[in-house]
Structure formats: C-alpha cells, structure tokens
Amino acid sequence: MSNPFKYGGIVTKGSFCNRKKELTDLSRAMQNGDRLFLYSERRLGKTSLVKLALSRLPKGEYLWAYVDLWPTDDEASFAVAVAKAITESLASTPNKMLAVGKSFFGGLAPTVTTDSSGNPQISFSLRGDGRSVPELLDVLKAPEEIAKRRNRKVVMVFDEFQRILEYGSDKTERTLRSVIQDQENVSFIFLGSRKHLIQKMFLDQNRPLYRAGGHYPLGSIETRAWLPFIQSRFTKTEKRIAPSVIKELCKKTGGHPFYTQHLCHAVWEICDRGAEVLGETVEMAINLLLERESYAYTALWESFAVNQRRFLSGLVQEPSGVEIFGALFIRKNNLSSASSVQRVVENLLDRDVIDREDGSYFIADRFFQLWVQGRVG
Ligand SMILES: Nc1ncnc2c1ncn2[C@@H]1O[C@H](COP(=O)(O)OP(=O)(O)O)[C@@H](O)[C@H]1O
Ligand SMILES: [Mg+2]
C-alpha cells in the first residue's frame, strides 16, 4: 500500500485538503476579471490552490495561462515565458502552436521542435541585445487580444511573482501596470512566496504596482479541516489514529500544509498495518525527520550571530504573540536593547528564517522550529 500523504509537489484534487473558502474567493476573482495578489510563505499551497481553481473554471467560457516566473531573471526571459505559456494554453499540436505563436507573437520568431518524448515545444527569440525588450508590451497585450478574438474571458496567473524584483529594472512592473489597467476581459492573479516583498510591491507608494489589485494572504489549514483528512487516510490504509493525536500533530506543524503532510507521511511510514498511531509514534517520526535535517540545521544555526541565536532560542520558548521588543523578553534573553532586536528581526525576516502573522513572529520552517526547541528545552 502506498503512502497516502504527499509533500513536495503540487497536490491535486485527491490529496487536497479543504480550502473551500479560498477556492470560492479565488474562483470569483478569476471570473470577475479581478487583479489579485495571493501571497504566503513558501509551500503553503498557493500553486496547488490556484491550479485547482483554474481547473474548475467553466470550460468553453474561459482561457487561462499559468506562467511560472521562477526560472526568469530579466524582462527578456519574462516576455518569452509569458508568450510560451499563452501559446501552450491555446494549442497542443505543432502546427497549431506555430500558427498561434505567429499570430500573437510574430515579433518573437516562434519555432516549434519536438522534445525527446515527442511533445511539441515552442521557442521564441528576441531581437536586440536583451537590454531593451520592445516585445514586452506586445506580449502583455496578447491576453486582451485573445479574449476579443476568441470571445472568451482570460485568466493570467503569474507564479513566483516576486522574481520580477530581481530583474534589475522596474520596466516589467511598469509595463504590467499600464496594460492591466485596461484589459477588461482578463483577470490577473499574482502569486508570491516572499511575503514581505510582495507586500512591499503593492503597499509601497513608490512602486509601479502600488494598489494595483486586491491582496489575499493565504494562511495555514485549520485543525478542524485536517482532522477528517488525516483520519480517513489512515483508516483507508488500515491504520488508526485518534483525533487527540491528530490535534497534537497539527499543533507541532501549526497546520502548515507542507509540514503537516510531511510529518503525516513519516508517521504513516513507521506505523505498522493494523496498528494505531500514538503520541510516541508522532514524537518518533519528528525525531527521525530532525535527524535527517540535522546537518543542514546545524549549519544554519552556526551561520547566525550570537544575538540572532539568543533571539531565536527565546522566541521558541514563548507562546505566540509574545512582546519581543518588550523589556522582559530582552532581559530574559540577554538582548541588550529594543533596537538590537529590531536589527535581528529585520535580518531574519529578510532571510525568510522568521515570518510574521497578525503581529506575532515565528520560525518559518516548522521543523527547524522544533529543532531549536529541542536544543533549548
Ligand atoms: N490544500 C492542501 N491540502 C493538503 N496539502 C496541501 C494543500 N496545499 C498544499 N499542500 C502541501 O503543501 C505542499 C506545497 O504546496 P504548493 O502548492 O507547492 O505550495 P506553494 O505554491 O505555496 O509553495 C504540497 O506538496 C502539499 O504537501
Ligand atoms: Mg508554488
């Protein structure tokens, strides 16, 4: 029997837990032609969520393109990635791809080849030296053009959108700003996994995309939703787990989708068929996982300055919402002053070691959090 818990890749319908409200909200935004920034820390389920929402759009009424910006690093690669995603969403045979490529992105010299498994691949190339990309505007105008010509609504998704902050100029942001303002039949969904960067992008008055859309922070999944999800997966594979144990497990991961699935996966592995998962089983699984990460976590720990270690050690011992700039926390953890805590926090936020939600701070990697707790406890 194979392990029913999936972690790492995108999860689809069969492995997808709840998010009913988020799915409804996202579908509505797509259907209304909204602009929306959906953001969270890494591995909270943005890509899975948006792909599920896309797959549920009424066929025949919508066209959509999903653009992963992770591999891009400048305007040129951005333009090519968008053109490629649009073409592939409209056509799947070589001839049709070429026709679509030529009709919407003729300036990018489309060619079609087949890859080793026989699938057609469209490629584009840019004129010029890559520094100025006159094609960018044409590429970004294509969605509206497609909506008109095909009489459909179009949804454009840009995943890992924070990448565009590393392009070296804000030309892509500016161009986007100008085109998304008047594309009536197109919805733009921007996904970002570096929360503070995405927030900065649309809350900073000096940035081109300032208030260019709604914002939608994605949170963890509630224990209430995990309970039936986790229990049924154990039951179906002839293992048992009590609700109280699931609750304990979710407390350890904070309901974070990736860490919860990861921990369940490990717990499932060490529980024999026909047996019951106990509190100790969960502890054992955690120790196993932390042992596997021990080398990486030790290296990470050693990369911190003394103040940062003190701060983190202090943080994991307090309940969430602790006043980290307060005199008590500072004194307890030997942290000289509030301004020095400020510097520590800024640096750790910047490196995505910690994160902030509703004014309280926590370590982003829930397993690292448990590792640090193990060190000080
Ligand atoms: N709704 C969900 N139900 C169950 N597990 C989920 C869900 N969303 C995400 N996950 C878990 O989190 C992992 C990362 O999801 P992903 O969509 O890639 O997140 P992100 O795009 O935010 O980095 C998945 O491999 C899966 O283990
Ligand atoms: Mg993702």
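Start by selecting ligand 1: 22 residues surround it, each with its C-beta atom, placed from the backbone, within 6 Å of the ligand. The closest are Cys17, Gly45, Thr47, Ser48 and Pro257. Two elements give two or more residues to this shell, helix H2 (46–55) and helix H10 (257–270). Helices here are DSSP runs (H or I, at least four residues), and strands (E) need at least two; both are numbered from the N terminus.

Before moving on, a word about what is on screen. This is a predicted model, in which local features need pLDDT of at least 70 and side-chain atom pairs count only at pLDDT 80 or more, while totals for chains, interfaces and linings use all residues. Residues are numbered from 1 along each chain as its sequence is written, with chains lettered from A and ligands numbered from 1 in the order in which they are written.

Now colour the shell around ligand 1 by class: eight residues are nonpolar, nine polar and five charged. In this scheme Ala, Val, Leu, Ile, Met, Phe, Trp, Tyr, Cys and Pro count as nonpolar, Asp, Glu, Lys and Arg as charged, and the others, Gly among them, as polar.

Next, colour by domain. The chain is assigned domain 1 (19–217), domain 2 (222–302) and domain 3 (304–377), with bounds from an automatic or database domain assignment. Go back to ligand 1 for a moment: domain 1 and domain 2 each give at least three residues to its shell.

Then turn to domain 2 and domain 3, whose C-alpha centres lie 25 Å apart. Their contact takes eleven residues from domain 2 and eight residues from domain 3, where contact means C-beta atoms, placed from the backbone, within 7 Å. On the domain 2 side, helix H9 (243–253) and helix H11 (279–302) each supply at least two residues. Which helix gives the most to that side? H11 does, with six residues. By class, the domain 2 side divides into six nonpolar, three polar and two charged residues.

Show Leu263, Ala266, Val267 and Ile270 of H10 with Thr281, Val282, Met284, Ala285, Ile286, Leu288 and Leu289 of H11 to see the contact. Its residues are ten nonpolar, one polar and no charged.

Follow H11 to helix H15 (residues 366–376), where the axes come within 10 Å and cross at roughly 90 degrees. That makes H11 roughly perpendicular to H15. Select Ile286, Leu289, Leu290, Glu293 and Tyr297 of H11, then Phe367, Phe368, Leu370, Trp371 and Gly374 of H15, which make the contact. Here the classes are eight nonpolar, one polar and one charged.

For the last stop, pick helix H8 (residues 223–236) and H9, which pack at about 125 degrees with axes 10 Å apart. H8 and H9 are therefore oblique to each other. Thr223, Trp226, Leu227, Ile230 and Gln231 in H8 meet Pro243, Ile246, Lys247 and Cys250 in H9. Colouring this contact by class gives six nonpolar, two polar and one charged residues.

Note on methods. Contact = placed C-beta atoms within 7 Å. Axes fitted to C-alpha atoms, helices over the stretch in contact; angles between N-to-C directions. Parallel < 35°, antiparallel > 145°, perpendicular 65-115°, else oblique.
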